[in-house]
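Dear colleague,

Please find below the sequence and structure that I am handing over to you. My notes on the findings follow directly after.

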Amino acid sequence: MQSKSKEEHVHAVFESIAPKYDLMNDLISFGRHKAWRKFTMRKMGMKPGATAIDLCCGTCDWTIALARESVSGGIVGLDFSQNMLDVGKQKIKREGLDHQISVVQGNAMSLPFEDNRFDYATIGFGLRNVPDLEQVLREMMRVVKPGGQVVCLEMSKPTWQPFKGIYYFYFEKVMPAIGKLVAKKYEQYKWLPESLKTFPDSKQLAAKYREIGLTNVRVFPFVFGVAALHMGTKGTDNG
Ligand SMILES: C[S@@+](CC[C@H](N)C(=O)[O-])C[C@H]1O[C@@H](n2cnc3c(N)ncnc32)[C@H](O)[C@@H]1O
């Protein structure tokens, strides 16, 4: 898929599934996404007052977790789907966090923020969807301060058979069927396994982190590698 048409396709997918996104997320990941985010927050070791930008924030679950953890630090959630952001904004309001979180409609490929602005840049289940993941990682590194962290939580590629076979059957056949049944969207949920095909495995993604200049790169796989957390630090000499 050409990068522009991939971007347009992804945008249309999320605009259309926004109202059912949270329900479907719980169903298709068996609620695991919450535990993975909790683990990630522990590894990040965020201090009170720390600032963060959450790219591809969607309905803002991670954005909200970041705001709770930083207590007083300014948190930005950025996404290009207004419908996803609208769901997120309601949740932020319900949580009473609207004074702490700014929600921005924008493209992860070109962040509307100056260099060295945030302590953390995070992206949850978004990197797989962008036209150029290196460009997005570079943007994340650009906007974090020297010593800041670039954190990615994303689907990955299990390698261990027979789990791999069962997993791909679930991912490619069962999950789009659940999408059709629950959210009345089949094509949109077929996009999920398709988007993983061209995505690097966890070793390759760690190599990309290092290639762009991130240091202290750490990888944590989840459930035999169906998802992975990647973390890297911006050095003090590449800011
Ligand atoms: C699978 S959702 C993840 C949402 C949220 N981070 C979570 O963990 O639930 C992917 C999100 O990435 C957004 N997205 C995809 N490509 C984008 C881009 N180039 N710029 C901004 N947002 C993008 C979509 O609109 C969607 O909300």
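In the shell around the ligand, helix α1 (3–17) gives the most, with 3 residues; helices and strands here are DSSP runs numbered from the N terminus, of H or I over at least four residues for helices and of E over at least two for strands. Both α1 and α4 (61–70) supply at least two residues of this shell. Of the 21 residues around the ligand, Phe14, Cys56, Gly58, Ser81 and Gly124 come nearest, a residue being counted as near if its C-beta atom, placed from the backbone, lies within 6 Å.

Please note that this is a predicted model, in which local features need pLDDT of at least 70 and side-chain atom pairs count only at pLDDT 80 or more, while totals for chains, interfaces and linings use all residues. Residues are numbered from 1 along each chain as its sequence is written. The chain averages a pLDDT of 92, and 97% of the residues score at least 70; pLDDT is the predictor's confidence in each residue, from 0 to 100. For the complex, the predictor gives an ipTM of 0.99 and a pTM of 0.93.

Turning to the sheet, 7 strands form an open arrangement with mixed pairing, in the order β3-β2-β1-β4-β5-β7-β6; two strands pair if DSSP finds at least two bridges between them. Because β3 (101–105) and β6 (214–222) stand at the edges with a single partner strand each, one side of each is left without a neighbour in the sheet. On average, neighbouring strands are turned by 15° against each other, direction ignored. Axes are lines fitted to C-alpha atoms, for helices over the stretch in contact, and angles run from 0 to 180 degrees between N-to-C directions.

Strand β2 (residues 75–79) runs parallel to β3 and is joined to it by 5 bridges, with Ile75 opposite Ile101 in β3. Helix α5 (residues 82–94) packs on the sheet, where it touches β2 and β3, and its direction makes about 170° with that of β3. Contact means that the C-beta atoms of two residues, placed from the backbone, lie within 7 Å.

Strand β7 (residues 227–234) pairs in the antiparallel sense with β5 over 7 bridges, and β6 and β7 are likewise antiparallel over 7 bridges. Gln149 stands opposite Thr233 in β7, and Leu214 has Lys234 as its bridge partner.

The largest nonpolar core has 49 residues, of which Leu55, Tyr120, Ala121 and Met140 touch the most other members. Such a core is a set of buried Ala, Val, Leu, Ile, Met, Phe, Trp, Tyr and Cys residues joined through C-beta atoms within 7 Å. Its largest share, 6 residues, comes from helix α6 (residues 133–143).

Some backbone details remain. Most residues other than glycine have a negative phi, and most peptide bonds are trans. Cys56, in the loop between β1 (52–55) and α4, has a positive phi of about 50°; with 25 C-beta neighbours inside 10 Å, Cys56 counts as buried. Asn216 in strand β6 also has a positive phi, near 50°, but is exposed, with 11 other C-beta atoms within 10 Å. A cis peptide bond joins Gln161 and Pro162, with omega about 10°.

With kind regards

Notes
Buried ≥ 20, exposed ≤ 12 C-beta atoms within 10 Å, placed from the backbone.
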